[in-house]
Protein chains: 2
Amino acid sequence: MISEKFDFLLEAGLREEFEQAGQLMQIPPRQLVVEPQKYIKVIPFLLKGSMKVIRQDEDGHELFIYYIRSGETCAVSLSTLLMDKLASIKAITEDDVELIAIPSSLARRWYDMYPSWRMFVLRAMDQRFEEVINTLDKVAFKKIDERLLDYLTEKTKITGSKSLNMTHQEIANELSTSREVISRLLKLFEQRGILKLFRNKIEIN
Amino acid sequence: MISEKFDFLLEAGLREEFEQAGQLMQIPPRQLVVEPQKYIKVIPFLLKGSMKVIRQDEDGHELFIYYIRSGETCAVSLSTLLMDKLASIKAITEDDVELIAIPSSLARRWYDMYPSWRMFVLRAMDQRFEEVINTLDKVAFKKIDERLLDYLTEKTKITGSKSLNMTHQEIANELSTSREVISRLLKLFEQRGILKLFRNKIEIN
DNA sequence: TTCCTAATGTGACAAAAGTCACCAACGAAC
DNA sequence: GTTCGTTGGTGACTTTTGTCACATTAGGAA
């Protein structure tokens, strides 16, 4: 049963509606799921894979906000939808993603009907807020070498794999720095035996 | 009537409860209203003055999160309380503050009873999230001179006054940099005619 | 007034991060 | 195999930011 993975849905009615209305979807990597300046049509609940939430600022910079991992949803989409606003962010799949899509209208109705759904919305937002604050803290007080190390360990924890398939440029983007800086630091880490470098791939020890 | 300032309280019952249960309080400057590692006892609704919300990280750094201004409340406190967690932040008055304190138990009950209160909670969190993301964006992509300038204009917009009563050290803390950096930049701005410096005071043109 | 402290000013320097230029190497396509 | 675009490596340099040390000054307290 689909909703078993989402055990925070307490009310029987809610579980039923969730089962019925939730559309199971398979989405290929690098596909846009939430587009800025559009209305949110569905709320994604990830079953497999991960998505990236990004904001584009006025200067065209892409600010990485957070990942959505298996078992999670997009808090920003939720609040945007509940408040009937246009999306301010974009969400893009990182790899092959399997998700359950809940229509916006339902998510909105449930907010008024089901206490456990209300709590879920709250928890989702609270958790994301916490994450963003932590990022802010790191950006404000830590040097990039430490941030990079944090990033790598975090990333392996999420994916469960010791090997990371990304280019230095992609990492640099997420940490808002330049490719050269990342390359140099990675090389340094390799010399220290922390990891091993390959093309498009990093293996962490 | 107290609740006139808070016109988002739509339901008659809610307005009534708010009037009855809300405690009008006067609080002197620099007083702790929310303490970390304690339960939230009341939710503050500011009528006058402003408060600062800060987080202390493991290394003892104080990270400025946001201001609470007149007409606003503390979104983090709200969600913390609704989820029955311990406070992770501290909130401190900046100047003489007048506020209405709503007992936690009520705020929690209202979340289940009144749609407009639910929307209010949502809006508060959404707005703060947006603010923090904006800060993150600035910290990630802008240089301190621009951040300082932004900070000064923002601050005057909030207080409505062209003069700012703070020391360079205090500004440095909020921008997570050092006093010397701020002093130097302010001097530069003064030379450019953007502002005028006094002891404990900056006047912006 | 005089004294004292907090606040500010500033030069010199160090550290961190970003930029530029260019090369090397890998792997996919031909 | 050869070609070519992408990715990664690296030295040299600049810019930005942070740090240290110390001088100066304003304004309240004695």
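A residue is called buried if 20 or more other C-beta atoms lie within 10 Å of its own, exposed if 12 or fewer do, and partly exposed in between, with the C-beta atoms placed from the backbone. By this definition, buried residues make up 28% of the 205 residues in chain A. The structure is a predicted model, in which local features need pLDDT of at least 70 and side-chain atom pairs count only at pLDDT 80 or more, while totals for chains, interfaces and linings use all residues. Residues are numbered from 1 along each chain as its sequence is written, and chains are lettered from A and ligands numbered from 1 in the order in which they are written.

**Overall build of chain A**

- Chain A contains 7 helices and 10 strands, where helices (H or I, at least four residues) and strands (E, at least two) are DSSP runs numbered from the N terminus.
- Its radius of gyration, taken over C-alpha atoms, is 18 Å, close to the 17 Å that the globule rule gives for 205 residues, so chain A is as compact as a globular protein of that length; the rule itself is 2.2 Å times the number of residues to the power 0.38.
- Along its principal axes, the C-alpha trace of chain A spans about 55 × 40 × 30 Å.

**The open sheet**

- In chain A, 4 strands form an open sheet in the order β2-β6-β4-β5 with antiparallel pairing, and two strands count as paired if DSSP finds at least two bridges between them.
- Because β2 (32–34) and β5 of chain A stand at the edges with a single partner strand each, one side of each is left without a neighbour in the sheet.
- Strands β4 (residues 51–56) and β6 (residues 90–93) of chain A pair over 4 bridges in the antiparallel sense, and A:Val53 stands opposite A:Ala91 in β6(A).

**Where chains A and B touch**

- The contact takes 27 residues from chain A and 27 residues from chain B, two residues being in contact if their C-beta atoms, placed from the backbone, lie within 7 Å.
- On the side of chain A that touches chain B, α4(A) gives the most, with 15 residues.

**Around DNA strand C**

- Of the 20 residues around DNA strand C, those that come nearest are A:Lys143, A:Thr177, A:Glu180, B:Thr167 and B:His168; a residue is near a strand if its C-beta atom, placed from the backbone, lies within 6 Å of it.
- The largest share of the surface near DNA strand C, 6 residues, comes from α7(B).
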